[in-house]
Amino acid sequence: MKLGFIGTGAITGHVVTGLVRHDAFEGEILVSERSKGRSSRLAAKYRSVRVEPENQGIVDQVDMVFLGVLPQQTLEVLDTLSFREGQTLVSMAAIVSVDELAHAVHPASAIHRIIPMPPNEMGVGPIPVYPPSPELESLLSRIGTVIPVHEEQHFSTFSASSGIMATFYELVATNARWMQSKGIPAEAATRYSTAVFHSLATRSRELSPEELQDLSTDCLTAGGLNEQLLKKTKEEGWYDELQAGLEQIHERVFR
């Protein structure tokens, strides 16, 4: 089996790197020439990756096509391509529904949407898959935590939730910047902040839903440092604002 990627943006780069680096796929991977710099780098770095100058050339040669263009370009790009029966289309674009995709790629009928993230190139991070597909889940399970999704409205919720990524990184960076403002060297502040957040995320990963909801209060000591900061952020409405922001994103992506 061959894989093809139309649209070689950042997310495509992360997914292809993860697939090759973690031996998730050992066959040939075709990537579109655009973006030329990234596609050339992938082909130069990995022998299994080959640049194909024409999008139709990718569709003609592969069994599974990953689409990684901007949402507003998705249907426009698909309208220029001819698919065949038995092919699988995997869209990495937000907003565009399976029904819209299926209409554009008929007679191909195996249509899926996924939400990859940059850490997938390191073999970690969630990958929601709608609708569920054993073949696709098996392929992606080595580069992340696959979450089968049975309802498209739930997929939209996962998509909205992924908008928290930049906020998380800003929180890690803010913690490091604050330490630097107190005279800590930048390298030490960065190592400490990233290690703290990594350890906290690692601890929370295997928790039950109930344990996760109780974790912030379970680690408090009366009158302690964690209690002081949590109380302050709650009083400032941090978490209410976060949920309000997620609601706005959800309204944008819900189809």
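This note goes through a predicted model point by point, from helix packing to individual residues.

1. On the basis of the model. Because this is a predicted model, local features need pLDDT of at least 70 and side-chain atom pairs count only at pLDDT 80 or more, while totals for chains, interfaces and linings use all residues. Residues are numbered from 1 along each chain as its sequence is written, and side-chain values use heavy atoms, with hydrogens and water left out.

2. On helices α8 and α9. Helix α8 covers residues 165–181 and helix α9 covers residues 186–204, and the two pack at an angle of about 140° with their axes 8 Å apart. That angle makes α8 oblique to α9, given that angles under 35 degrees count as roughly parallel, over 145 as roughly antiparallel, 65 to 115 as roughly perpendicular and the rest as oblique. The axes are lines fitted to C-alpha atoms, for helices over the stretch in contact, and the angles run from 0 to 180 degrees between N-to-C directions. Helices (H or I, at least four residues) and strands (E, at least two) are DSSP runs, numbered from the N terminus.

3. On what lies between these two helices. Phe168, Leu171, Val172, Asn175, Ala176, Met179 and Gln180 of α8 are in contact with Ala186, Ala189, Thr190, Tyr192, Ser193, Thr194 and Phe197 of α9, where contact means heavy atoms within 4.5 Å. The residues of this contact between α8 and α9 divide into nine nonpolar, five polar and no charged; here Ala, Val, Leu, Ile, Met, Phe, Trp, Tyr, Cys and Pro count as nonpolar, Asp, Glu, Lys and Arg as charged, and the others, Gly among them, as polar.

4. On helices α1 and α2. Helix α1 (residues 10–21) packs with helix α2 (residues 36–45) at an angle of about 10°, and their axes are 10 Å apart, so α1 and α2 are roughly parallel to each other. On the α1 side the contact involves Ala10, Gly13, Val16, Thr17 and Arg21, which meet Arg38, Leu42 and Lys45 in α2. The residues of the contact of α1 with α2 divide into three nonpolar, two polar and three charged.

5. On the aromatic rings. Rings of Phe, Tyr and Trp (its six-membered ring) pair if their centres lie within 6.5 Å, and planes under 30 degrees apart count as stacked, over 60 as edge-to-face and the rest as tilted. By this rule there are five aromatic pairs. In one of them, the ring centres of Tyr130 and Phe155 are 6.4 Å apart and the planes stand at 45°, so the pair is tilted. Tyr130 belongs to strand β7 (residues 126–130) and Phe155 to helix α7 (residues 152–161), so this pair ties together parts that are 25 residues apart in sequence. Tyr130, at 14% relative accessibility, counts as buried, and Phe155 is buried with a relative accessible area of 1%, where buried means under 20% relative accessible area, exposed over 50%, and partly exposed in between (1.4 Å probe, protein chains only).

6. On a ring cluster. Phe168, Tyr169 and Phe197 are linked into a cluster by ring pairs. Phe168 is partly exposed at 35% relative accessibility, and Tyr169 is partly exposed with a relative accessible area of 45%.

7. On two buried residues. Ser91, which lies in strand β5 (residues 88–91), counts as buried at 0% relative accessibility; leaving aside residues up to four places away in sequence, Ser91 touches Leu67, Leu101, His112, Arg113 and Ile114. Ile58 has its place in helix α3 (residues 55–61) and likewise counts as buried at 0% relative accessibility. The C-alpha atoms of Ile58 and Ile6 are separated by 7.6 Å, although these residues are 52 residues apart along the chain.

8. On backbone details to check. A cis peptide bond joins His106 and Pro107, with omega about 15°, and Pro107 lies in the loop between α5 (98–105) and β6 (110–114). Another cis peptide bond joins Tyr130 and Pro131, with omega about -20°, and Pro131 is found in the loop between β7 and α6 (134–140). Asp23 has a positive phi of about 55° although it is not a glycine, and Asp23 is found in the loop between α1 and β2 (29–32). Ile95, in the loop between β5 and α5, has a phi near 80°, a positive value in a residue other than glycine.
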